[in-house]
Amino acid sequence: MTQAMDEHAVAAQTTEPMQAGQRADLPRQDGVEAPAVERTAGGRPPRLLVLDGLRLGAALMVVAYHLVGDKIGVWQPSAASHFGLLHSVSQYGFLGVQLFFIISGFVICMSAWGRSVGDFFVSRVVRLYPAYWFAVLVAAAVLVAVPRGVDLKLREVVGNLTMMQEFLGIRHLDLSYWTLTVEMVFYLLFAILVARGLTYRGVVAFCAIWTVASLVVPKFGSPWFSAVVAAGHSSYFIAGIALYLIYRFGPNLLLWSIVGLSWLIAITRLPSLAQARDVAFAPTAVIVTAFVVVMAAVALNFFSWVKWGWVATAGAMTYPLYLIHQTVGLAVIDRLQDHLSPWLLITTLIAGLLIAAWLIHRFVERPAARWMKRQLNDSMRQLRTTP
């Protein structure tokens with residue numbers, strides 16, 4: 001996800017209705033006035049519903065990869081024997097994470113524009129933690145009920161609740177959580193830019209510096225330093241950021257060059273990723289290229305016709321779905337595959353996970369986020385006003 005998902009990688013957008021005729025006053029590029037981006041009554045950019053649909057699509061790709069692609073062999077005798085072509089296609093579902101990262105770069109840049117670093121911090125905390133805390137407790141309960149060879153320790157549960165388990169040397173209770181670490185690195189790096197105030201020139205410079213750092217740092221041979229700059233994943237975030245600049249300020253050669261270079265870097269690194277996932281390189285490259293093309297169409301506002309309200313609900317389910325699908329899904333398959341046909345089980349399971357994701361969003365994430373946002377905003381005000 002991060003959330004990685006979540007956003008993956010994975011950020012909230014406003015749902016306030018757009019007022020006709022409202023436009024944003026934006027700075028100029030090289031003496032040419034940039035096209036204005038429509039704004040809502042609250043001064044934020046309107047919700048791009050197509051991104052909600054793309055996020056859900058990315059999440060379902062990852063769900064299919066873990067539950068139908070099944071790299072760990074939970075299906076007996078094998079997922080391939082049960083699902084045939086669907087199994088073969090689902091093995092490429094891990095690339096949904098790459099789409100999450102591109103969307104995250106786009107949406108985080110959009111949602112952070114005009115915000116203070118304190119507001120940015122609050123928005124990320126209330127977006128990531130409520131559903132995550134609940135998911136960690138669910139994962140712990142499932143691992144206790146269906147151990148599958150896992151000896152769960154209290155230290156691991158507590159460490160996972162911080163969302164910093166990878167930095168603490170603690171394993172992820174759910175292997176999908178690794179993307180959240182990557183997302184957090186992106187947020188921390190981007191927060192430095194937010195603290196200075198987002199500007200067109202500053203964001204372009206950020207993309208350039210991060211690209212160079214991601215290419216140079218791995219040459220020092222330190223996995224830790226490579227992780228600090230998210231070297232293996234930065235090109236997707238950078239492409240998303242540049243695509244947002246195209247959406248906000250209009251296209252130009254510099255921004256398309258950033259997108260193109262990021263795509264080339266991603267493609268260059270894909271053979272090792274495809275080999276690690278035991279899939280063919282060519283389809284992997286085609287899928288990632290398709291992601292960039294679709295997001296470029298979003299940046300050029302080709303999907304402004306997507307206005308279905310249900311897409312926003314679908315997008316809201318994405319993060320909880322990503323958080324719970326692997327540990328819960330594999331446990332359900334392990335316990336019920338001897339009692340239900342494979343197709344009935346997988347169909348019912350995915351439907352159940354979607355319902356559970358909506359329930360988590362509606363009754364855990366939303367109320368907890370509202371409370372946390374009030375409390376953290378009060379804390380930020382006190383921090384600003386108290387000597």
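The protein exposes about 17,700 Å² of accessible area, and carbon and sulfur atoms supply 67% of that. Accessible areas here come from the Shrake-Rupley method with a 1.4 Å probe, and for residues only the protein chains shown count as cover. This is a predicted model, in which local features need pLDDT of at least 70 and side-chain atom pairs count only at pLDDT 80 or more, while totals for chains, interfaces and linings use all residues. Residues are numbered from 1 along each chain as its sequence is written, and side-chain values use heavy atoms, with hydrogens and water left out.

Of the 387 residues, 52% count as buried. Buried means under 20% relative accessible area, exposed means over 50%, and partly exposed is in between, with a 1.4 Å probe and protein chains only. The protein has 15 helices and four strands; these are DSSP runs numbered from the N terminus, helices being H or I of at least four residues and strands E of at least two.

Now the salt bridges. The whole structure holds five, where a salt bridge is a side-chain nitrogen of Lys or Arg within 4 Å of a carboxyl oxygen of Asp or Glu. One of them joins R127 to E365, with the closest N and O atoms 2.9 Å apart. R127 lies in helix α5 (residues 117-145) and E365 in helix α15 (residues 342-385), so this pair ties together parts that are 238 residues apart in sequence. R127 is buried, at 11% relative accessible area, and E365 is buried too, at 5%.

Another salt bridge links R381 and D378, at 2.2 Å from N to O. Both residues sit in helix α15, three residues apart, which is a separation of about one helical turn. R381 is partly exposed at 42%, and D378 is partly exposed at 39%.

Next, α9. Which way do α9 and α12 run relative to each other? They are roughly parallel, a term for angles under 35 degrees, with over 145 roughly antiparallel, 65 to 115 roughly perpendicular and the rest oblique. Helix α12 covers residues 253-276, and the two pack at about 20° with axes 12 Å apart. Axes are lines fitted to C-alpha atoms, for helices over the stretch in contact, and angles run from 0 to 180 degrees between N-to-C directions.

Last, the surface. V212, L215, V216 and F220 form a nonpolar patch with about 400 Å² of accessible area together. Patches take residues with over 30% relative accessible area and no salt bridge, joining like charges within 9 Å and nonpolar side chains (Val, Leu, Ile, Met, Phe, Trp, Tyr) within 5 Å. F220 lies in the loop between α9 (200-216) and α10 (223-228), and is exposed at 66%.
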